[in-house]
Amino acid sequence: MDKGYEKERFEMLGIKVSVAKRFRKFCKKMSKSQSMTLLLMLDFFEDNGISPHETMGPNMQTLESEIKKRINAVIAIIKDIEKHYDKPTTAMLQSLFMEFEPNQHKLILEKEIKEKKIQFVEKQDSNNQL
């Protein structure tokens, strides 16, 4: 028995034989009684504002395009945030850390080797004649 509808009486509907057979097969697939299946179908159409005369194709395509537009808008917002907020903040933090790098002190044992500047260079030309 259908829960909540036990005390209601049955009503006859005029349905063609082929339609009734098809509806009974559908009810078996749904694992519901004929009354509950019909009630679920009516609720579905009323809740979603869909008419049985129109197809779901165009509605689903427009829904899909709307979702894609919203996703593209979210991507644009994230890129804008990254460009205007994250990258400058990261650059400022990096510049702050670069300033505070510890100075490298030389060890006492290390000796500095001073390079001597060359003052005179000998001419390499072999055709020197005096």
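Leu 13, Ile 15, Val 19, Leu 38 and Leu 42 make a nonpolar surface patch of about 450 Å². The model is predicted, so that local features need pLDDT of at least 70 and side-chain atom pairs count only at pLDDT 80 or more, while totals for chains, interfaces and linings use all residues. Residues are numbered from 1 along each chain as its sequence is written, and side-chain values use heavy atoms, with hydrogens and water left out.

**Exercise 1. Overall architecture**

Task: State how many helices and strands the protein has, and in what order the elements run.

Solution. Helices (H or I, at least four residues) and strands (E, at least two) are DSSP runs, numbered from the N terminus. By this criterion there are three helices and zero strands. The elements run α-α-α from the N terminus on.

Next comes burial. Buried means under 20% relative accessible area, exposed means over 50%, and partly exposed lies in between (1.4 Å probe, protein chains only). Of the 130 residues, 5% count as buried. The protein exposes about 14000 Å², and carbon and sulfur atoms supply 59% of that area. Accessible areas come from the Shrake-Rupley method with a 1.4 Å probe; for residues, only the protein chains shown count as cover.

**Exercise 2. Surface patches**

Solution. Patches are made of residues with over 30% relative accessible area and no salt bridge; like charges are joined within 9 Å, and nonpolar side chains (Val, Leu, Ile, Met, Phe, Trp, Tyr) within 5 Å.

In the nonpolar patch, Leu 13 is one of the members.

**Exercise 3. A loop residue with positive phi**

Task: Locate Ser 31 and classify it as buried or exposed.

Solution. Ser 31 lies in the loop between H1 and helix H2 (34–48). Its phi is near 60 degrees, a positive value in a residue other than glycine. Ser 31 is exposed, because its relative accessibility is 62%.

**Exercise 4. The aromatic pair**

Task: Name the residues of the aromatic pair and give its geometry.

Solution. Rings of Phe, Tyr and Trp (its six-membered ring) pair if their centres lie within 6.5 Å; planes under 30 degrees apart count as stacked, over 60 as edge-to-face and the rest as tilted. The structure holds one aromatic pair. Phe 44 and Phe 45 form this pair, with 5.7 Å centre to centre and 65 degrees between the planes, an edge-to-face arrangement. Phe 44 is partly exposed at 42% relative accessible area, and Phe 45 is partly exposed at 27%.

**Exercise 5. Salt bridges**

Task: List the salt bridges and describe the spacing of those in helix H3.

Solution. Side chains of opposite charge can pair when their charged atoms come close. A salt bridge is a side-chain nitrogen of Lys or Arg within 4 Å of a carboxyl oxygen of Asp or Glu. The count comes to three salt bridges.

- Glu 11 and Arg 9 meet at 3.6 Å, N to O; both residues are exposed.
- Glu 64 and Lys 68 have their closest N and O atoms 3.6 Å apart. They are separated by about one helical turn because they lie four residues apart in helix H3 (residues 57–99). Glu 64 is partly exposed at 44%, and Lys 68 is partly exposed at 48%.
- Glu 66 and Lys 69 have their closest N and O atoms 3.9 Å apart. Both lie in helix H3, three residues apart, about one turn of the helix. Glu 66 is partly exposed at 44%, whereas Lys 69 is exposed at 53%.
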